[in-house]
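Here is a short report for a first look at this structure. Start with the sequence and the 3D view.

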Amino acid sequence: MTFTIALRNIFRNARRSLTTMLTIAVGGAAMLVFAAYALYDVYVVQTTTVQRGGHLTVYHKGYFDFGSGDPAIWGIADYESVARIIRGDPVMSKLARVVTPVQFLGGIAENPQSGGSRTFFATGFVPADQARLEDWNEYGIGTALESNALNGDTSQGVVGLGFARYLGLCGALHLKDCPEPPNNAPARESDVAGLPKQDFSGLAGPAVTPTTPSIDLLAATAGGAPNIVAMQIGRVERQGAKEMDDGYVVMNLKLAQQLVYGRGEHKVTGIVVQLRRTEDVAAARARLQSLIAASHLDLEVRDFKEINAYYGQTLGFFNSMFSFIAVLIGVVVLFTVSNTMGMSVMERVEEIGTSRALGARRSAIRAQFVSEGAMLGVLGATLGIALAFAAAWAVNRSGLTWTPPGDAHAIPLKLYMLGAPMTIAAVWLVLIVVSTLAALLPANRAGKLAIVDALRHV
Amino acid sequence: MPDAQEPAVRLTNIVKTYGGGKGAVRALRGISLAIPAGRFTMLVAPSGSGKSTLLNLIGCVDKPTSGVVEVAGRAVATLSDNALSDFRARTIGFIFQNFSLIPVLSAFENVEYPLLLTGAAVGARRRAALEMLAAVGLAEQKDRRPNELSGGQKQRVAIARALVKRPKLVLADEPTANLDSVTGADIVALMRRMQRESGTTFVFATHDPHLIAEADDIVAMRDGALTDTGSIAP
């Protein structure tokens, strides 16, 4: 009957109880909507990250910490054998959807027509594998990336819009939103500008007649000698971040290897492994490490969270934001329920006295009010979940779009309410616990009332 | 039930003082009294004479400043708060001036409630509550909430609630004060009938002449002290 009395008392002052429940519900809904939004954001960042570079990358041991400044000397030799070991492993074949070699490099690019030059950083992919990497879509988000997919032409590559602008390719490529340098652009007056113009044409291969504008890419080979290749601009794609857009080059792996290794042995910087499901990262990493150890290879495995520090930072940011919001809402719920229960005790002093006179123990009185607080929490939290689902339904059908930081395309704004059932359960439970705790003080006060004073209360 | 020789209530040199120092108010001044079992006993006194205070001490909802209270042969001063609650739940029924029904419970649930506090089984609880409601003539109104009952009906529910656990002692503080004279007379007759049927000891604090006319014993008080005690009925 304790629960009967508690439940009926909730509806006794329906307006006050409804206000309290709504406070809990709106607070809970706010937490869940934010959690759903944060989860969606994390999935977006994860999707773009995994589409670009897979879940795991196998490097030459030490490359990750020491070799990124000089990828040419940290290459993996006989990488096809390593890729075959991974692809042929029965465990990895179930977990992985793409296993592909990649080459990272950096150097100086020049437009031979305009004379414009700038530094670049490039990734060399196997075109078919790169297209498959970009297909990864575990969470049904699609892509917020511009596709950097290469065509099969070894000599063609993709560059960022900013990169094209720097090299004065806007006119030749008929690019929109890509201005030519102004006539009154300041001229360089340094000593370097005074040096005689360098001519790298002697380093390049046999001259071809390009069908699209071509640029020269200069880099140091593994042996330290300068090397140069010509790359046709197959496509220009704007990248989300300006610093990336201004220097980004994606090229065919063979062209990248030709540039870095020249006539020497062609190696790769890493072997990218993209899994079917992100949750398999730990298992796949452990398996890769055991394969490497079994084959006595001097390699190491890094996952996408290590390689892309901003992924962890994004996760941490949302976690701290969620915690902050949860604490604020928890405090509001705590005080609201406490106030409601305090008023309820004040209104029922005589009833408390009667119950005590009839033989109810102090603990029974306390239990009655604590139950009431808990029930307010249950009703409010449940209502909050319903509100959050309603909000998610509305947002997901609203057609709203947004462009994630660092990306180039707007994508639909979605709330992934079902993506984290444990978060929903946790928010529901926390709200009930907070409501119950909020009722403790008033309940204790009710239990301590002197019977005679309570019976005299008017 | 106490044997015929043992009083239902024995008070020995009871003093009750409210407050302290110069502002202390002495509500009861060394009262010693034995209330016989199975009787209809009235505490009769002008307002402010201490009869409600005395009733509260007998009902174990208050403690004397000094003196010994024994109810149903048990000295209650030594009982812990929980033990005292259990003792009240099993031994004492209360009827209040303003009915004091629990508003969110139906008439039936109000009558069932004291049995719940004694730990009675569900079936026994429901059977006893229905029987008691029928005995006070409210079987038809069992599902009504207190706000759907008249004053007389509320007090009938309160009487049923007090008696449903078959207590050794029922305490009633001005039970007819909030009722019109006709309803009050009905209630007095009902309590008298119920008392005769159950043999329970009833102790009233009252001014009501209808009620006083039904007394077996009268205890008169003034200014916190007994002025007269005596039996009217044999």
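## Chain A at a glance

This is a predicted model. In chain A, take the contacts between residues at least 6 apart in sequence: 81% of them join residues at least 24 apart. Chain A holds 17 helices and eleven strands.

Its C-alpha trace spans about 105 × 60 × 40 Å along the principal axes. The radius of gyration of chain A is 32 Å, whereas a compact globule of 458 residues would have one near 23 Å. Of the 458 residues of chain A, 43% count as buried.

## Where the chains meet

Chain A gives 16 residues to the contact and chain B gives 19 residues. On the side of chain A that touches chain B, α1 (2-12), α14 (349-358) and α17 (451-456) each supply at least two residues. The largest share comes from α14(A), with five residues.

What classes of residue make up this side of chain A? It has seven nonpolar, three polar and six charged residues.

## A helix pair in chain B

Two packed helices are described by the angle between their axes and the distance between the axes. In chain B, helix α3 (residues 107-118) and helix α5 (residues 151-163) have axes that come within 7 Å and cross at roughly 25°. Angles under 35 degrees count as roughly parallel, so α3(B) is roughly parallel to α5(B). The crossing of α3(B) past α5(B) is right-handed.

From α3(B), the contact uses B:Ala107, B:Asn110, B:Val111, B:Tyr113 and B:Pro114. From α5(B) come B:Val157, B:Ala160 and B:Arg161. By class, the residues of this contact are six nonpolar, one polar and one charged.

Terms used. Residues numbered from 1 in each chain as written. Chains lettered and ligands numbered in written order. Predicted model: local features only at pLDDT ≥ 70, side-chain atom pairs only at ≥ 80, totals over all residues. Axes fitted to C-alpha atoms, helices over the stretch in contact; angles between N-to-C directions. Helix = DSSP H or I, 4+ residues; strand = E, 2+ residues; numbered from the N terminus. Parallel < 35°, antiparallel > 145°, perpendicular 65-115°, else oblique. Left-handed = near helix turned anticlockwise from the far one by under 90°. Contact = placed C-beta atoms within 7 Å. Nonpolar A, V, L, I, M, F, W, Y, C, P; charged D, E, K, R; others polar. Rg over C-alpha atoms; globule rule 2.2 N^0.38 Å. Buried ≥ 20, exposed ≤ 12 C-beta atoms within 10 Å, placed from the backbone.
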